[in-house]
Structure formats: C-alpha cells, structure tokens
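Here are some notes to read with the model open beside you.

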Amino acid sequence: MGNSLTLSGVHAGYGAVHVLHDVSMTVPSGETAVLLGTNGNGKTTLIRCILGMIRPTAGTLTAEIDGQTHNLIGMTTEEIVNLGIGIVPEGRRLFPRLSVEENLLLGAFRPKARQELKRNLDFCYECFPRLAERKSQLAGSMSGGEQQMVALGRALMTAPKILLVDEPSVGLAPILVSRTIDKIKELKDSYQLTVLMAEQNFNQAIRIADRGYVIVHGKIAYSGESAADLNNNDLIKKFYLGL
Amino acid sequence: MKSPVFFLVWIVVAAIVFAFGLYLKNDYFFFAGYTVLQYVVLATGWNILGGYTGYVNFGSAAFFAMGAYASVVMHKVAPLPVPLLIIIGGIVSGLVGLGMGYLTLRLRGAFFAIATLALAVVLQTLIVNWDFVGGSRGAYIIRPNTLDIAGLQIPYIEYLFALMLILAVCALTVARIVERSRLGFGFATIRDDEVAAEACGVPTLRLKLMATTLSGALMGMAGAPFPYYIGYLQPSSAFGLEYAVNSIAMPMIGGTTSWVGPLIGAIVLGTLQQVATVTISSAVNLLIVGLLLTGFVIIAPNGILGLIHKFRGQSDADKVGRRVIRETP
C-alpha cells in the first residue's frame, strides 16, 4: 500500500511576502526525496506548508497514506501528524527540561500513536541504543548528535508512514552529519518509510536520495528523477554550487 | 495521593481554619481571610494559563469583574443563592475566556499579554456604559446580616468565608488534577516549545482554548461572591489593578509549576497585604507587591518552590505532566 506525497502548483508565503512560487513535486511511496537549496530559498516554508502550519494561497497538496488519498490543505497540524506524517523539525526543537524518554513519549501524544506506544519505544531504543543508555538524562544536556537522535526517535514515536526531515545537518559536526544521514536511510529501509528531507549539504544528501529537487528562490529549479541524475548534472552544479 | 483523598484532606484543613475563625470570635478574621482565599482562587486560576501553559494573562481583573457583574445582573433579575451565582460567574467568565482564546491565542508572548490587557479595558468600558448594572456609578447590593440555615442564624460574612474556603479547595483540586494529567503534560509542552509540540501532534489550539476557559472560569468564580462581600460594586474597583497584578505576582512568588505555588504566594502576599492595610495603609499594598516581585525575580526566579527545591538539592525541573509520562508505558 502506498504512502506518497504530492504537491502541485503550490504558492505560499508569509503575509505579503511570497515565498513559494508554483512548486510541484512528488515523493513516491518508499522513496527518499531530498529537497536541496541554500538558506532562504523556501525549504522550511515548504515543509511547514505540508504540515499545515502555513496555508498555501494556491495549489494542491495531497498525501496518500496506506492507499487512501487525503487532501492536506485545510487540515490542522495535529490532524496531519495523526494521519501518519512525522516531522523532525529544523534545529531539533527538543524539550530540554524533559528527559530523553519523556521526549520520546511525547511523540506518542496522538491517539493513534498511543496505541502502539510500547512497540515504537522499543523500536526507538533498538535503532538508537545510545538513547536507551541515557533514558533519564535531560535532553538539553546531550550533545548535538545525540539530540538529533532524540528528535528522530521522537518523530518515529508518532508511528509515521511519511517522514519529513528538516535540515538534519544543522549544528552538527561533519562526521555526525554523515552518520545522521546514514541513520535516516537505515530507518527508512527498516520501517518502510517514505522520506522527504530538506537539506543544504548537497554531497551528504544525495548519498541516500532516490530523487531530488533543487529549490532556488522558491521555485523548483531542477528536478532529478534518480540518484544518478542528480550526481551527473551540470545544472545542479550551476544552480546549487554556483559553478 | 488520589484526587478524592486530596480533596477530603483539604476540606478537613478548611474546616479547621473555619473552626479557628469561630474560636477567635473576631469578624475581622473572616473579612481578611475572605480576601486571602479569593486570591488563592484567582492565583490558581491564573496559573493554569500563565504557569502551566506559559501564556501570561494581564487581564485577570476582567475575568474577576465579569464574575462579579454576572452576580449583579442576577441579583437584579432573579436573586439566587450565592453558590449558584458562583457557578454562573464561572460559566460567564469561562465563556469570556473561550472567546478571548479564539481571538488572541494565535498571538504569542508579549503580544498575547498586550491583547489580554486590551480585553480588560474593553470590558471595563462596556460595563461603565451599561446602565442596568449601574454604569460608572456602581451597584449596591444590600446583603442580609445573617443567613438562616436550618434554623441557625449564621453571620453572612462567615457564610461567604465558608463558600470561599470550599471554592479554594475545589480550585486547588482542579489545578492538581490538570497538573498530573495528559492535559497538563500537553500544557507544559506548549509552554516549552509550541512548534515542537505541534510537530509531535499535540492539538495546541484546542489545549490553549481549554486552558483559557478553565483559567477564566476559576477567576470568574472568585469574583462572583464579591458584590455580596463588598456591598457596593463599581467598575473601577471590580477591574482594579490589584487583581491583575496580584494574580500574576502570587504564582510568580510562590512558583508557577505546581498547584502549591499559587497557594503559597496567595497566602504569603495576601496576608502581608491585609496586615499592611491595617497597620500602615491600603495604598501601600501595591508597593509591597512590586518590591516582593522585583526581589523574587532577582533572587528566586522560580519562586518559593524553586528555593525549597534548591535547598533540598532537587533540580528545578518542573512537575507539570511529568508524572503522567513516567506512568504511561
């Protein structure tokens, strides 16, 4: 059964500021799509749109969850999360004064996720053994990489079918960036997730990408349908690296 | 401790306080005690929105006054016993809270605080221009001297004091239930990081509306018996600055993360103000609040509770909702 995400002709912005212009993209079931772009091009805005935190001014936004199609426009964030779209927010946004376990349990706030709480928690600890060791540590006192693990784990606790990851590399050492990216790939494979990842780090991101979109000034400047496409494309170098 | 047990224990404490008042044979104890208890309810109500959810409400006086004016209206239309008036006041202020929530909760931080301040001004203007409740002249409510309950002549002030005691116990119980429930947990996540809470699927808007309604209702209940206590209600006293300031200062001084905080704050600050009113002057009240608040913000930002935790070597980690999560799996 399919879990895919489709945007077509999406326009959005903040008040008078028009950020996204006619954005169309698809994340097919079981694939990892990466959204590439440097700062200020609309990556986070796009993610917010999908999550219902910003309402698009035009266009359609649909998600297919377990073969059922849902129109995301007009739904509230919690309804969207409850559908099975999980988010790892930019900059992790943990609850620093709660322990690791409490942060994870918080991911299971929604009724649907609560039913599978035990299983998801075990799964989290299996994926991230480090978190099992540090259950009772305050999340705010952990290192950046560990915090990113908690944020990923917390998103898994919502029992998502589609996982949105917003800039996992923010504030991480290069080696941790590559580990985090690997982990996302691993999670996707073992959990059969559909992943949309917004990222600036081009080289790291395309390692796990099945397809990619380059966003420049709120427009999709290039869409690559396969990993090879992304690797060998001069356009990407031009748009993205400015070469 | 289970909530019903907690409630009964505090009812016993309340009975002891009341018995102590009777033993003193001093009406002033009841007059002063009523004000302190009223602040316990007001501070507890404020704390549900301000402390647990982190939305600072500067319009407490408006909720208090709406409760009081609901009683004035009822008094003119169809006089009811005060316990019923308390419920009506709670409903009216709860609705005002819900409305305020719908209007303002998309605002955050300082903007929300400013909006609540404006709400108080708007409502005060409405009341001032509403002749039915006396407008700016105010309204008289002549209360009987005694109340006849089962043949016993009970002085009216003792009756009001007893009602306020029960109301305070109810408010504390409600606050404690909220604090230890999934609801309180949701409130705490909103306070810590609203965006992250939404990303986890916490229905933030709905929870915030519940917080404003509950908080407003409790503050309205605190105000409902007020016209009977004071005898003459005018807008400038019902919307008085001291209600807005005290209902913020008391939880801040006591500690905002637990039901105990507003209780401690209200008793300490309320008693101090009563003492100052008798010994110095009533005008010195706000000065005391200001000085204490400034002192606490500098010395003990987590209030008296924070200080206690510090001396016992516990972390200041807040308690709201944490019990629930630990018990969930």
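1. Let me begin at the end of a helix in chain B. B:Gly54, with a positive phi near 85°, follows α2(B). Please keep in mind that this is a predicted model, in which local features need pLDDT of at least 70, side-chain atom pairs count only at pLDDT 80 or more, and totals for chains, interfaces and linings use all residues. Residues are numbered from 1 along each chain as its sequence is written, while chains are lettered from A and ligands numbered from 1 in the order in which they are written. Helices (H or I, at least four residues) and strands (E, at least two) are DSSP runs, numbered from the N terminus.

2. Now the helix itself. α2 of chain B covers residues 27-52, 26 residues in all, and spans 36 Å between its first and last C-alpha, close to the 38 Å expected at 1.5 Å a residue (the expected span is 1.5 Å times one less than the number of residues). Where does α2(B) have its kink? The kink is centred on B:Trp46 and amounts to about 35°, the bend at a residue being the angle between axes fitted to the seven residues ending there and the seven starting there.

3. B:Ser282 sits between α13 (260-279) and α14 (285-299) of chain B. B:Ser282 counts as exposed because it has 12 C-beta neighbours inside 10 Å. Its C-alpha is 25 Å from that of B:Gly261, a residue 21 positions away along the chain.

4. Contact means C-beta atoms, placed from the backbone, within 7 Å.

5. Chain A also has an open sheet of 6 strands with mixed pairing, in the order β6-β7-β8-β3-β9-β10. β6 (85-88) and β10 of chain A are its edge strands, each pairing on one side only. Direction ignored, neighbouring strands are turned by 15° against each other on average.

6. Which residues cover the two faces of β6(A)? A:Ile85 and A:Ile87 lie on one side, A:Gly86 and A:Val88 on the other, and all are buried. β6(A) pairs in the parallel sense with β7 (residues 162-166) of chain A over 4 bridges, and A:Ile162 is the bridge partner of A:Ile85. Helix α7 (residues 144-157) of chain A lies across β6 and β7, at about 165° to β6(A).

7. β9 (residues 211-216) of chain A is largely enclosed by the rest of the structure, because 5 of its 6 residues are buried. β3 (residues 32-36) of chain A pairs with β9(A) in the parallel sense over 4 bridges, with A:Val34 opposite A:Gly212. β10 (residues 219-224) of chain A runs antiparallel to β9(A) and is joined to it by 5 bridges; there A:Gly212 stands opposite A:Gly224. The hairpin of β9(A) and β10(A) has 2 residues between the strands, and A:His217 in the turn has a positive phi of about 50°.

8. Finally, the chains meet: 18 residues of chain B are in contact with 23 residues of chain A. On the chain B side, α8(B) gives the most, with 4 residues.

How values were computed:
Two residues are in contact if their C-beta atoms, placed from the backbone, lie within 7 Å. A residue is buried if 20 or more other C-beta atoms lie within 10 Å of its own, exposed if 12 or fewer, and partly exposed in between; C-beta atoms are placed from the backbone. Two strands pair if DSSP finds at least two bridges between them. Axes are lines fitted to C-alpha atoms, for helices over the stretch in contact, and angles run from 0 to 180 degrees between N-to-C directions.
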